[in-house]
Amino acid sequence: MLFPALLSEISSHDLEAAESLIGVLRFILIFVGARMLAEILVRFELPTILGELLAGVIIGASGLHLLVPPETGVQLSAAFSDVVSALAHVPADEIPNLYEESFGALQSVSTLGLYSLLFLTGLESELEELMAVGVQAFSVAVVGVVLPFVLGTLGLMAIFHVDAIPAIFAGASMTATSIGITASVFGELGYLRTREGQIVIGAAVLDDILGIVILAVVVSLAAGGSLAIAPIVQLVVAAVLFVVVALLLSQRAAPAFDWMIDQLKAPGAKLVGSYLLLALSCFVATAIGLEAALGAFAGGLIVSTSRHREEIQRAVTPIVGLFATVFFVLVGAGMDLSVINPADPAARSALIVAGFLFVVAIIGKVAAGWAVFSDKPTNNLVVGLGMMPRGEVGLIFLGLGTASGLLDPGLEAAILLMVIGTTFLAPVLLRVVLKDKPPEDGDVVSEEFVADPMSGS
């Protein structure tokens, strides 16, 4: 609540004007900054999502202090306060109070963006592709999840003496694979329809499922503050069953969903019906003690076999493009990169941790490329490099860790550098390895299982 003295001195109109100006300015900063950097990165064939993240870093707590989440404790830029003060006729020293009080609305928009993105990730999961190369994709996914998770978690605890729950979360952040970048490179070089390309696509679907299950368990454990065996087992079982039920419903409940949508004639029925299912899935996940993010992903899985899938995807994608931008910019805005300043001796330990996570993140996924147990010839290095980029999935993990208060600034920055490093490095290495190596005709799989190069999580 505002201070009584402030209420008595300032008219309600001026207060409303100040709050409106603050809200509008924040959105202008978010979208202008994100689009400018996204336009630069897309010209270098790099994921625009990194531009959104870097925009947050520049205007946020590590940069200009124009977008500062209250939990960072960073003082709002005086320039921002002065502009709002002059336009709304509110004292400049009261603008930070209004700023913090109204920040919850922006975080709600960010949460909607996160859940929409996870819903779209589940919606775009190609379960048929997973079945096409199921055994090989499963072995690659399991190794690609278990190896970085175990090495990262145990290494942080044993070498750097990180507490168990933050270490487990950091290990979990290395399990995911962002397929959009890899699929795009494979598509450009003609490798998307190859055996390697389809194994990576199938394994990435499983990585998303396994990684998000691990994430839901870790965040739930953090809320309880305990590592007792019984709650861990209970949460793991609940999370696995929840995803299995979602997969079963994707086969059984999709016709009922389609029937319901077909009965609705008002404009926007498919979008509203999809978000109703998303909300219901989040509610059920939260009600049984899991993270709502897992519910959002499961909701997408349920709709992934719908007859209306492509129309739903077209309807949801602009919402994701709008609101997920807010989520990723806020993730960047909350980062304190001063903890990895090489000139500061006290910050060098965070850089060392970042280097450790980066190496483990590479080794864990590249090694998974050799987990293709088959008599058919396979380019194992291509599979491993295809699994390397963390991209937006890694940033989702980081954002949830930041929001739940699991990570200290040093570990936050280390995970951020790991995600950025693997996301930038994987496309470069794939182009080097695949250059002048066209796939043989016999290595190409059926067109039935080909994905859109730009789709995926």
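**Two loop histidines and a helix pair**

In this predicted model, His 89 lies in the loop that joins helix 4 (78-88) to helix 5 (95-101). The phi angle of His 89 is near 60°, which is positive although the residue is not glycine. Most residues other than glycine have a negative phi. His 89 has a relative accessibility of 60% and therefore counts as exposed, the cut-off being over 50%.

A second case is His 161, found in the loop between helix 8 (134-159) and helix 9 (164-173). His 161 is not a glycine either, yet its phi is positive, at about 55°. With 64% relative accessibility, His 161 also counts as exposed.

The next topic is helix packing. Helix 14 (residues 269-287) packs against helix 15 (residues 292-303) at an angle of about 135°, and the two axes are 7 Å apart. Helix 14 is therefore oblique to helix 15, because an angle counts as roughly antiparallel when it is over 145 degrees and as roughly perpendicular from 65 to 115. The crossing of the two helices is right-handed.

On the side of helix 14, the contact is made by Leu 277, Ser 281, Cys 282, Ala 285 and Thr 286. Helix 15 contributes Ala 292, Gly 295, Ala 296, Gly 299, Ile 302 and Val 303.

Technical notes:
Residues numbered from 1 in each chain as written. Predicted model: local features only at pLDDT ≥ 70, side-chain atom pairs only at ≥ 80, totals over all residues. Heavy atoms only, no water. Axes fitted to C-alpha atoms, helices over the stretch in contact; angles between N-to-C directions. Helix = DSSP H or I, 4+ residues; strand = E, 2+ residues; numbered from the N terminus. Parallel < 35°, antiparallel > 145°, perpendicular 65-115°, else oblique. Left-handed = near helix turned anticlockwise from the far one by under 90°. Contact = heavy atoms within 4.5 Å. Buried < 20%, exposed > 50% of the residue type's maximum accessible area, 1.4 Å probe, protein only.
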